[in-house]
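Welcome! Here is a short briefing for anyone meeting this structure for the first time. Take a look at the model, then follow the points below.

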Amino acid sequence: MISEVMNETINININRVTNSRINQLREGEVIFGRLFSDHMFTADYENGVWSNLEVRPYGDLQLEPSCLVFHYGQAIFEGMKAYKSENGEVLLFRPFKNIERFNTSAKRMCMPEIPTDIFYEGLRELLNLDKEWIPSEDGHSLYIRPFMIATDEYLGVKPSEKYKFMIITSPVGQYYGKPVKVKVETKYSRAASGGTGYAKAAGNYAGALYPAKLAQEEGYDQLIWTDAKEHKYIEESGTMNVMFVIGNKLITPAVSETTLDGVTRSSVLTLAKDFGYEVEERAISVNEVIEAIQIGTLKEAFGTGTAATIAKISLINNEGIDYNLPEINSDSLSNKLLSSLGDIRRGKAEDIHNWVSRI
Ligand SMILES: Cc1ncc(COP(=O)(O)O)c(C=O)c1O
């Protein structure tokens, strides 16, 4: 994989910090997304060309207040993780899926695509400098946040002609400490047909904050989004795709223009098939899930995503009623998936699907 994107002509300027902040990293005490590694990668787009490729100290940006991103939200991002293997190698999990999805988001938001080799080489140089920041504890990793913003100094509502692409990284531990309680959302919508739901566009996340806050005030951790038209069919949950084990089938909503096509989702479906599960990707209604809970055929429900990996769901609220899910035992599918994914990402298990890239 790596050789595919090596390009001799990529010239990245390296500007190292004089004093590392690595002593701020205390393993076992990391909070998701609060502490950032020493360096960041930046690149600028203007007149159809990406230039100023640089790995430089993490720090402030200088931008005019008129930059288009501050007004009309032309901004996209990705989320991926780097892991350290037992012998100290830096490993990435399916990074080319994220690069591809970043460019799908860029296209939808009228932004320029970033060439795979600029993205990958920038990330490689950044991780080479900051590899000490990758925690080695189980369940810990270095979260990678690539993003792009519109930087034209102009107040007209139109696509920007200038952009900044950046990658910052943050050491992280577990996202959810315990199983999550979710509420089925039947009033607000995250995405509608023809909209931007399949893109990792910043505005999608801003729009989801208010309904999620209302649910949190009622004691739930997250929402389960339903289709915008009828609020009948399940879409996804927070920043995760969602899956249900009913009988001995693993059932998940098919990816669509209103949901994000998760890298974890696709990996989990492959692993579940490897484990012998029948997998169904199709429309799944809230009623089907509630009925399965009531008659006892629903065994497990969980979310999948880069940040959380596998988040077990302990309770689903629908139309004012709390439904407790069965206790999960140690040989549950979610536990098997969690340990299998963890082992592949850390290079501890054989990578039969060729998912891991070594930096
Ligand atoms: C809305 C949404 N759905 C699902 C996911 C899960 O995708 P992935 O497994 O690629 O992290 C994410 C996270 O990126 C997300 O933001």
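This is a predicted model: local features need pLDDT of at least 70, side-chain atom pairs count only at pLDDT 80 or more; totals for chains, interfaces and linings use all residues.

**Helices α6 and α8**

- The axes of α6 and α8, the latter spanning residues 333-345, come within 10 Å and cross at roughly 110 degrees.
- The crossing in which α6 passes α8 is right-handed.
- On the α6 side, the residues that meet α8 are Ser267, Val268, Leu271 and Ala272.
- Their partners in α8 are Leu333, Leu337, Ser340 and Leu341.
- Sorted by type, the residues of the contact between α6 and α8 are 6 nonpolar and 2 polar, with no charged ones.

**Helices α3 and α4**

- Helix α3 covers residues 95-108 and helix α4 covers residues 116-129.
- Their axes come within 10 Å and cross at roughly 130 degrees, which makes α3 oblique to α4.
- The crossing of α3 and α4 is right-handed.
- Pro95, Phe96 and Ile99 are the α3 residues in this contact, and they meet Thr116, Phe119 and Tyr120 of α4.
- The contact of α3 with α4 is made up of 5 nonpolar residues and 1 polar residue, and no charged residue takes part.

**Around the ligand**

- Which residues come nearest to the ligand? Of the 13 residues around the ligand, they are Gly262, Val263, Thr264, Gly305 and Thr306.
- Two elements give two or more residues to this shell: α6 (263-274) and β15 (298-305).
- The largest share of the shell comes from α6, with 3 residues, and α6 is also the helix that crosses α8.
- By type, the shell residues divide into 8 polar, 3 nonpolar and 2 charged.

**The chain as a whole**

- How many helices and strands does the chain have? The chain has 8 helices and 18 strands.
- The radius of gyration of the chain is 21 Å, close to the 21 Å that the globule rule gives for 359 residues, so the chain is as compact as a globular protein of that length.
- Taken along the principal axes, the box filled by the C-alpha atoms is roughly 60 × 50 × 35 Å.

Terms used:
Residues are numbered from 1 along each chain as its sequence is written. Axes are lines fitted to C-alpha atoms, for helices over the stretch in contact, and angles run from 0 to 180 degrees between N-to-C directions. Helices (H or I, at least four residues) and strands (E, at least two) are DSSP runs, numbered from the N terminus. Angles under 35 degrees count as roughly parallel, over 145 as roughly antiparallel, 65 to 115 as roughly perpendicular and the rest as oblique. A crossing is left-handed if the near helix is turned anticlockwise from the far one by less than a right angle, and right-handed if clockwise. Two residues are in contact if their C-beta atoms, placed from the backbone, lie within 7 Å. Ala, Val, Leu, Ile, Met, Phe, Trp, Tyr, Cys and Pro count as nonpolar, Asp, Glu, Lys and Arg as charged, and the others, Gly among them, as polar. A residue is near a molecule or strand if its C-beta atom, placed from the backbone, lies within 6 Å of it. The radius of gyration is taken over C-alpha atoms; the globule rule is 2.2 Å times the number of residues to the power 0.38.
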